[in-house]
Every structure is written in C-alpha cells, then in structure tokens.
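Please consult the sequence and the structure shown here while reading.

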Amino acid sequence: MPGQVEVQPFRHTSKPSKPSKLLQLRLDLKRDKHLYVLIAPYIVLFMIFTVLPVAMSLLISLTSFNMLEFPTWVGWANYERLLLEDDIFLIALKNTFVFAVITGPVSYIACFLFAWLINELRPKARALMTLVFYAPSISGNVYFIWQIMFSGDSYGIVNGFLLKVGIINEAVLWFQNPKYALTIIMIVQLWLSLGTSFLAFIAGLQSTDKSLFEAGAVDGVRNRWQELWYITLPSMRPQLMFGAVIQITSSLAVADVAMNLAGFPSVQYSAHTIVTHLIDYGTIRFEMGYASAIATVLFAIMLGSNLIIQKLLKRVGE
C-alpha cells in the first residue's frame, strides 16, 4: 500500500570460508613458483651439504662404527658412555661452558661497541679502523705471536717484563700450567673475535634509516642511549641475530686456538674442549659412532643457545 515500507525477509549471508592450510600452501607455491625456482640451487646444496650430513651424524651416533667395518647398532650406548663414563668429556664440557659464557657475551658486546664507535667516524677513518680491528681474524696462523709473548723461558715478552719488574723470580711455563692455559686462550680468542659479526654490525648501523632519528626526537627520544635502545637496536635485529649465531658458534666450537697454543692434548686437559674431544675420537681413534654422539650433543647445545638468544633479542627496544 502507499506509504508502507515493504519489509524484505532476512537472508543469512555466511562469510566465505578460508581455504585450508594445504590449499593455501598450494596457492602460495603456484603464485611464487618463480621465486622457488631461483632459490632451488641453494636449497639443493643446503640439503646435500648441511641437512643430510646432520641427519647422517644423528644416525651414526646410534651405532658403533670404526670406518673399516659395517656399522653395528648400539642404540643409546654411546650417549650413556659419553655422559656417565667419560670423565674427560665432562672436563671438556665444563671448559667449553666456561669459555662460552665468558668470551661469547664479551666478544659480542665488544663487536657492537667498536662498530658503534667506528660508525661515527668519517668515511676514510672508518674504513681504516674497520681494517685495523678486522685484520686479526683474517691473518691466518697468528698464534705464533702469542707463543712468543707467553714463551716459557726468560725470552718470552711477558716473562721478561715480569722478571724485570721483580714480580716473579723465575720464568713461568704459561701453557704448561693448568692455572693459566685456559685464561690465556680466552684472551687470544677475544683478540680474534672481531670478525664477521663486527662487519655485520657496521653494515647494520650504516643501513639504519636516518629519518627514524628525526621521528624519534619528535616522539620524545632525548639522548643517544634512548636512540640506541629504541631506534638503532630494533632497526638492526637481523644483524644482531646473525652476530649472535656467529659468536655462539665460535665460542662453543673453539679448538684451533687451544690446540696450537696449549697442545693436543693439553696438560691435565686444562684447555680441552668439546671440539678437541670430538677431534680426538673422530680423527685419531676413528670411533665415528662415539664422535658423532659428541657432535650431536654439541649441536643440541648450540641450537638451545641460539633459541634462547633469539627470544632475548625479541625484547630489544621494548
């Protein structure tokens, strides 16, 4: 009738259902297929030279394998022997943790601080200082410098100085004394630690968007420390994570420094680490099953450490 509004019956319109995860994955693969083609060579190489060796090591760690005979299945026997019967491994585990807990954070913080300070210099001075700090990590076999400094006779630089000032009365055998060997190796490792992480931090600082500092000043950022915490660090989270992985790996996998300075094996195993223990059983005794068990434990420690660091870095800037 005129003047009346016709009421339409209510029709229930359901929202379109989301595609299943499998269907969504297929759609994503179809959409980005050209990207996967481009990264396929890297994925193949990564699977062959990283994933496959790790999987084979896990499998071999459950066997007894001497490189000559066919492996025999022993189950968890290698891990029981490693954790319950191998006293040398426990010494190596303790040395590795002490080494990693001290050198890892110190070298990580030092890398960032030096990178932060050098980043403030002019381009030519920055390039020169970057080379100066990075050079020890690419100098090859530089251990002989420290062997000369801590030589066990009076001709050693450290012994000569201490004898001259009267602190000691006779030369100290630094690398043959269990009290000093690990400490000196830590110092050398710290000297060598300004490597890839240092360059990554400088790259991250250089790529920080300068307009963020202007926006931060408008939002109430008043000093350099607030800029560092709220702007710089959050902007370079990828570089921070990359540097953390590198530092964790290098501090937990230390071996060359200890072997070249303190010998192999070191006196009373004072500088024995998990990797030197792995080298002992893998390349000298050829107990590949046991060596693979050692490598698996080290892999688990590194993986756990990286996960913890990743969670901590997510809180940067909060």
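Pro-265 is located in the loop that runs between helix H13 (256–262) and helix H14 (274–284). In this predicted model, the peptide bond joining Phe-264 to Pro-265 is cis, and its omega is about 0°.

The loop between H13 and H14 also holds Gln-268. Gln-268 is a residue other than glycine, yet its phi is positive, near 55°. Gln-268 counts as exposed because its relative accessible area of 62% lies over the 50% cut-off.

A further positive phi is found at Phe-286, which is not a glycine either; the value there is about 55°. Phe-286 belongs to the loop between H14 and helix H15 (288–313). With a relative accessible area of 40%, Phe-286 is partly exposed.

| Residue | Relative accessible area | Class |
|---|---|---|
| Gln-268 | 62% | exposed |
| Phe-286 | 40% | partly exposed |
| Thr-130 | 14% | buried |

Thr-130 is part of helix H5 (residues 123–134). Is Thr-130 buried or exposed? Thr-130 has a relative accessible area of 14% and is therefore buried, since the cut-off for this class is under 20%. When neighbours within four places in sequence are set aside, the contacts of Thr-130 are Ile-118, Phe-198, Leu-199 and Ile-202.

Among these contacts, Ile-118 is a residue of H4 that takes part in the meeting of H4 with H9, and Phe-198 and Ile-202 take part from the side of H9. The packing of these two helices is described next.

Helix H4 (residues 87–119) packs against helix H9 (residues 196–206) at an angle of about 45°, and the two axes are 9 Å apart.

Sorted by class, the contact of H4 with H9 comprises 11 nonpolar residues, three polar residues and no charged residues.

Definitions and conventions:
Residues numbered from 1 in each chain as written. Predicted model: local features only at pLDDT ≥ 70, side-chain atom pairs only at ≥ 80, totals over all residues. Heavy atoms only, no water. Helix = DSSP H or I, 4+ residues; strand = E, 2+ residues; numbered from the N terminus. Buried < 20%, exposed > 50% of the residue type's maximum accessible area, 1.4 Å probe, protein only. Contact = heavy atoms within 4.5 Å. Axes fitted to C-alpha atoms, helices over the stretch in contact; angles between N-to-C directions. Nonpolar A, V, L, I, M, F, W, Y, C, P; charged D, E, K, R; others polar.
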